[in-house]
Amino acid sequence: MIEVDLLPRMSPQGRRRVSSTPVPRKPLRFLVQDPWVLASSAVSLLSVACSAWMLLGGRDRAGELHAALESAVLDSARTATLAADAQSVAARLDTVRTRVAVIRDLDARRYVWPRLLDEVARALPREAWLVQIAQLSAADGRIRFRVEGKTFENFTLSRFWDGMESSDFIHDVRLVSTEHLMEPSVDTGEAHSTYFFVLEADYRDSRPHLLESSASPEVQR
């Protein structure tokens with residue numbers, strides 16, 4: 001059994017006995033010489049320095065990124081404006097090209113029908129007359145047309161057919177149909193025999209120099 005005396009010891013004179021053993025004290029130089037204290041202090045200072053450096057660097061980087069973002073936004077706006085202007089100019093150029101193409105096409109064909117009618121009229125005999133001339137198709141400078149007319153005999157129709165084929169501008173003449181009719185005369189009212197015919201042919205400008213020379217007779221004079 002262990003007994004612990006917790007009561008202070010009394011001197012013979014009845015006073016409390018005070019221990020005279022001095023309490024050891026560690027001065028500051030002992031703390032400085034402690035390696036663990038030095039290491040922890042160094043780590044703390046380094047942590048504070050790193051935190052301050054990262055904070056300041058982060059602020060500078062954020063400012064640079066903000067300035068770069070504003071510059072990119074401005075560049076994007078300018079690029080969008082330039083792109084819109086380029087699209088507008090391209091649309092105008094397409095419109096101009098379309099108009100020029102139409103004008104060129106019209107200019108190239110302005111003498112087509114005068115020449116075609118002139119060639120048909122030149123091949124038409126006096127004993128025949130035309131009822132209608134119509135265009136069937138047109139592609140690559142080639143026009144397919146139909147001629148409807150009347151004559152008194154088939155021999156006149158053959159002359160008209162041969163005259164069209166002898167033209168330098170009319171090709172591939174084909175007889176579509178012919179019909180024998182009895183029609184009253186305009187002068188006497190008596191019925192007489194007529195032949196209604198339909199011819200189809202192609203118009204091709206195979207000799208452009210003839211087209212230019214015949215279309216401008218005043219220049220030749």
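Student: Why is threonine 151 called buried?

Tutor: Its relative accessible area is 0%. Buried means under 20%, exposed over 50%, and partly exposed in between, with a 1.4 Å probe and protein chains only. So threonine 151 counts as buried. This is a predicted model, where local features need pLDDT of at least 70, side-chain atom pairs need pLDDT 80 or more, and totals for chains, interfaces and linings use all residues. Residues are numbered from 1 along each chain as its sequence is written, and side-chain values use heavy atoms, without hydrogens or water.

Student: Which residues does threonine 151 touch, not counting those up to four places away in sequence?

Tutor: Among them are Glu127, Trp129, Leu157 and Phe197. Contact means heavy atoms within 4.5 Å.

Student: Why is leucine 136 called partly exposed?

Tutor: The relative accessible area of leucine 136 is 40%.

Student: How far apart are leucine 136 and arginine 146?

Tutor: They are 10 residues apart in sequence and 6.8 Å apart in space, C-alpha to C-alpha. Leucine 136 is also in contact with Arg146.

Student: What makes a set of residues a nonpolar core?

Tutor: Its members are buried Ala, Val, Leu, Ile, Met, Phe, Trp, Tyr and Cys residues, joined through side-chain atoms within 4.5 Å. The largest one here has 17 residues. Phe145, Phe160, Met164, Ile170 and Tyr203 touch the most other members.

Student: What does methionine 164 touch, leaving out residues up to four places away in sequence?

Tutor: Methionine 164 touches Ala123, Phe145, Val147, Ile170, Val173, Leu199 and Ala201.
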